[in-house]
Structure formats: C-alpha cells, structure tokens
Amino acid sequence: MKQQFKDKMVVAVTPNRLMSAIDKAVKYCSVSDQQIKIWLESDQTSKVIDEICDLVKASVDEKLWEKIEI
C-alpha cells in the first residue's frame with residue numbers, strides 16, 4: 001500500500017494530503033527539520049508522499065501500517 005485515502009472518491013494529491021503524510025512521518029519516524037523543509041519545497045508532491053509512505057512503512061510493523069491513513 002502506498003497511499004490510503006480516507007475519501008475513496010477523491011484520489012487527488014493535495015497539500016492537505018502532503019501535510020497528513022508529513023504528520024505521520026513526524027509521529028512514527030525520526031525526521032529532521034531539514035527533511036521536512038525539503039518535502040515542503042518539492043514540486044513533486046506525489047513522489048514526496050510515496051517517499052514518506054515508504055519511510056513510515058519501514059518504521060512500523062505491518063499491523064500498524066494497515067491502520068495508518070494518509
């Protein structure tokens with residue numbers, strides 16, 4: 001699973017989803033302020049969200065990963 005959206009009808013990558021992904025990275029991983037700045041300044045939001053999802057997935061067990069929504 002790369003991205004699990006709460007609203008199944010909307011699959012657009014939005015700034016809200018990016019912020020949600022960053023929030024999960026801060027909560028479950030050790031993320032530096034510099035890394036957050038790089039993510040926020042990127043113009044490839046979808047790739048950034050995928051990168052964050054991969055990072056979070058690597059930091060939590062499979063059972064918890066299935067419950068996380070971005």
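Good morning. I begin with the basis of the description. The model is predicted, so local features need pLDDT of at least 70 and side-chain atom pairs count only at pLDDT 80 or more, while totals for chains, interfaces and linings use all residues. Residues are numbered from 1 along each chain as its sequence is written, and side-chain values use heavy atoms, with hydrogens and water left out.

Let us turn to the overall layout. The chain contains four helices and zero strands. Read from the N terminus on, its elements run α-α-α-α. Here, helices (H or I, at least four residues) and strands (E, at least two) are DSSP runs, numbered from the N terminus. Of the 70 residues in the chain, 30% are buried. Buried means under 20% relative accessible area, exposed means over 50%, and partly exposed lies in between, with a 1.4 Å probe and protein chains only. Among contacts between residues at least 6 apart in sequence, 62% join residues at least 24 apart; contact means heavy atoms within 4.5 Å.

I now come to the helix pairs. Two packed helices are described by the angle between their axes and the distance between the axes. Axes are lines fitted to C-alpha atoms, for helices over the stretch in contact, and angles run from 0 to 180 degrees between N-to-C directions.

At what angle do helix α1 and helix α2 pack? Helix α1 spans residues 15-28 and helix α2 spans residues 33-41, and the angle between them is about 165°, with their axes 11 Å apart. α1 and α2 are therefore roughly antiparallel to each other. On this scale, angles under 35 degrees count as roughly parallel, over 145 as roughly antiparallel, 65 to 115 as roughly perpendicular and the rest as oblique. The crossing of α1 and α2 is right-handed. A crossing is left-handed if the near helix is turned anticlockwise from the far one by less than a right angle, and right-handed if clockwise. From α1, the residues L18, M19, I22, A25 and V26 make the contact, and from α2, I36, W39 and L40. By class, the contact of α1 with α2 has eight nonpolar residues, no polar and no charged. In this classification, Ala, Val, Leu, Ile, Met, Phe, Trp, Tyr, Cys and Pro count as nonpolar, Asp, Glu, Lys and Arg as charged, and the others, Gly among them, as polar.

One residue of this contact deserves a moment. V26 is part of helix α1, and V26 counts as partly exposed because its relative accessibility is 46%. Not counting residues up to four places away in sequence, V26 touches V31 and I36.

The next pair is α1 with α3. These helices pack at an angle of about 25°, and their axes are 9 Å apart. α1 and α3 are therefore roughly parallel to each other, and their crossing is left-handed. In α1, R17, L18, A21, I22, K24, A25 and Y28 meet T45, V48, I49, I52, V56 and S59 of α3. The contact of α1 with α3 divides into nine nonpolar, two polar and two charged residues.

Which residues touch the most other members of the largest nonpolar core? That core has 17 residues, and the answer is W39, I52 and V56. A nonpolar core is a set of buried Ala, Val, Leu, Ile, Met, Phe, Trp, Tyr and Cys residues joined through side-chain atoms within 4.5 Å. α3 gives the most, with five residues. As for I52, it touches L18, A21, I22, A25 and W39, leaving aside residues up to four places away in sequence.

I close with three further positions. A58 is placed in helix α3 and, at 68% relative accessibility, counts as exposed. D50 is also found in helix α3, but with 23% relative accessibility D50 counts as partly exposed. Lastly, I70 lies in the segment after α4, which covers 62-67. Is I70 buried or exposed? I70 counts as buried, because its relative accessibility is 7%. From C-alpha to C-alpha, I70 and C53 are 8.4 Å apart in space, and they are 17 residues apart in sequence.
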